[in-house]
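Work through these exercises with the model open beside you. Try each task before you read its solution.

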Amino acid sequence: GPARDKAAAEGARTVPPREHGGNCDIKDLSRGSKVFFPVYVDGAGLSVGDLHFSQGDGEITFCGAIEMAGWVHMRVSLIKGGMVKYGIKNPIFKPSTITPNYKDYLIFEGISVDEQGKQHYLDVNVAYRQACLNAIEYMTKFGYSRAQAYSILGTAPVQGHISGVVDIPNACATLWLPTEIFQFDINPSAAGPIIHLDGSINMPISQDR
């Protein structure tokens, strides 16, 4: 009816992250987390999903997290005038203490210079992509195919950081790969990498659009 058509034409889509919430995909929002959403319209609704068993920061493979079925139990309260009181226009998250507990990481740096050598002024998206590509290339030296390495970065609880936006012209982003998820040593050494897999599964990495 008319109400549905109006919502379809004017409603804010929830696929991307948005000012009111949307698809944020923050990996540490697990049991016991708190989320503070700004409310922009009277009578606003609330929905939640989809659930991930595990994912890396950025969910770089798009739908590459380990999806899962499950129940979400929520307690909802309202802070009247909260947006004005706290000066917020985007959500605030208080993650749970139940998070992946890794202590040892191998950190890959990326800067805002793409694969063709073109510089993108302080572009953290390009920088994080380069950090991910550097990690993927590194993992192939141990026998992973690029598809396997790509999938690991999307599903394992890797950390993504914006490490520098102050030293122009390059932004710096880093990908933190927990070494404890591997059954063999992936740290660099003078002896060089040891191939542990045959890399028999592969697929092309999709092009940027």
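**Exercise 1.** Does Cys132 count as buried or exposed?

*Solution.* This is a predicted model: local features need pLDDT of at least 70, side-chain atom pairs count only at pLDDT 80 or more, and totals for chains, interfaces and linings use all residues. Residues are numbered from 1 along each chain as its sequence is written, and side-chain values use heavy atoms, with hydrogens and water left out.

Start with the cut-offs. Buried means under 20% relative accessible area, exposed means over 50%, and partly exposed lies in between (1.4 Å probe, protein chains only). Now take the value: Cys132 has 5% relative accessibility. Cys132 is therefore buried. Compare Cys24: its value is 28%, so Cys24 counts as partly exposed.

**Exercise 2.** How many disulfides does the protein have?

*Solution.* Next, apply the rule: the two cysteine sulfur atoms must lie within 2.5 Å. The count by this rule is 0. Check Cys132: its nearest cysteine sulfur belongs to Cys172 and lies 13 Å away. Cys132 is in no disulfide.

**Exercise 3.** Describe the secondary structure along the sequence.

*Solution.* Helices (H or I, at least four residues) and strands (E, at least two) are DSSP runs, numbered from the N terminus. Count them: there are 4 helices and 9 strands. Then read their order: α-β-β-β-β-β-α-β-β-α-α-β-β.

**Exercise 4.** Which strands pair with strand 9 in the antiparallel sense?

*Solution.* Two strands pair if DSSP finds at least two bridges between them. Locate strand 9 at residues 172–178. Take strand 7 (residues 105–111): 7 bridges join it to strand 9, and the two run antiparallel. Finally, check the cover: 6 of the 7 residues in strand 9 are buried.

**Exercise 5.** What do the totals say about the whole protein?

*Solution.* Begin with extent: the C-alpha trace spans about 65 × 40 × 35 Å along its principal axes. Buried residues make up 27% of the 209 residues. Now turn to contacts, meaning heavy atoms within 4.5 Å. Among contacts with a separation of 6 or more, 66% join residues 24 or more positions apart.
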